[in-house]
Amino acid sequence: MSTHSTDPSIEEFVASMPFGMGALNERMGITLVELSAERVVATMPVEGNTQPYGLLHGGASVVLAESLGSIGAGLHGYPDRAPVGVDINATHHRSATSGTITGTATAIHLGRTSACYEVVLTDERGKRVCTSRITCALVPLERVGLTAPAPEQS
């Protein structure tokens, strides 16, 4: 697992990912705000992420939750392990029809082969919209077709 004493900046982290934030996250307007293995925070607009009745789509909430948990797990597993989601659940507490949703993923367990996060999504009033839990397996990069970054030269 990561032995780095400092976490990368958001810009460094996104630049280090093989596909940046990923096409789905970009399409949904997800923006990282805070980044560490212990806690990841991001925002997502409600607009453009609604179901036919104009409410925030439950699937959009789950996408945000999975992204946050996977990012945290990826930071925990860096530099030689990648997160692979194995379980996610979500309880939708209230609807949102406009504004911005903020997601906060807080580590529950950071182990050698898995990481688990509670993800709380809130609206602009701070009201809880959704609570999710995600567990990621931490697998060797080679198993997902990636390679570890080369050691930095001093």
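Modeller: Happy to! A polar contact here is a pair of N or O atoms within 3.5 Å; within protein, one must be able to donate a hydrogen and the other to accept it, and residues adjacent in sequence count only if both atoms are side-chain atoms. The model is predicted, so local features need pLDDT of at least 70 and side-chain atom pairs 80 or more, while totals for chains, interfaces and linings use all residues. Numbering starts from 1 along each chain as its sequence is written, and side-chain values use heavy atoms, without hydrogens or water.

My pick is aspartate 123, in the loop that links β5 (114–122) to β6 (128–140); helices (H or I, at least four residues) and strands (E, at least two) are DSSP runs, numbered from the N terminus. What does its side chain meet? A polar contact of 2.8 Å joins the side chain of aspartate 123 to the side chain of arginine 125. A polar atom of the aspartate 123 side chain also has the backbone nitrogen of lysine 127 at 2.9 Å. With a relative accessible area of 10%, aspartate 123 is buried (under 20%; exposed is over 50%, partly exposed in between, with a 1.4 Å probe and protein chains only). Leaving aside residues up to four places away in sequence, aspartate 123 touches Arg94, Thr100, Ile101 and Val129, where contact means heavy atoms within 4.5 Å.

Now for the chain around this loop. There are 3 helices and 6 strands, and their order along the sequence is α-α-β-β-α-β-β-β-β. The C-alpha atoms fill a box of roughly 55 × 25 × 25 Å along the principal axes. Of the 154 residues, 38% are buried. Counting contacts between residues at least 6 apart in sequence, 63% join residues at least 24 apart.

Start with arginine 39, which belongs to strand β2 (residues 39–45). Arginine 39 is partly exposed, because its relative accessibility is 35%. The arginine 39 side chain makes a polar contact of 2.7 Å with the side chain of glutamate 34. Beyond four places in sequence, arginine 39 touches Glu34, Thr104 and Ala105. Glutamate 118 is 79 residues from arginine 39 in sequence, yet their C-alpha atoms are 9.7 Å apart in space.

Next comes serine 61, in helix α3. Is serine 61 buried or exposed? Serine 61 counts as buried, since its relative accessibility is 1%. Its contacts beyond four places in sequence are Met44, Leu56, His92, Leu121 and Cys130. As for alanine 96, 35 residues along the chain from serine 61, the two C-alpha atoms are separated by 11 Å.

To return to your request, the loop between β5 and β6 holds aspartate 123, whose side chain is in polar contact with that of arginine 125.
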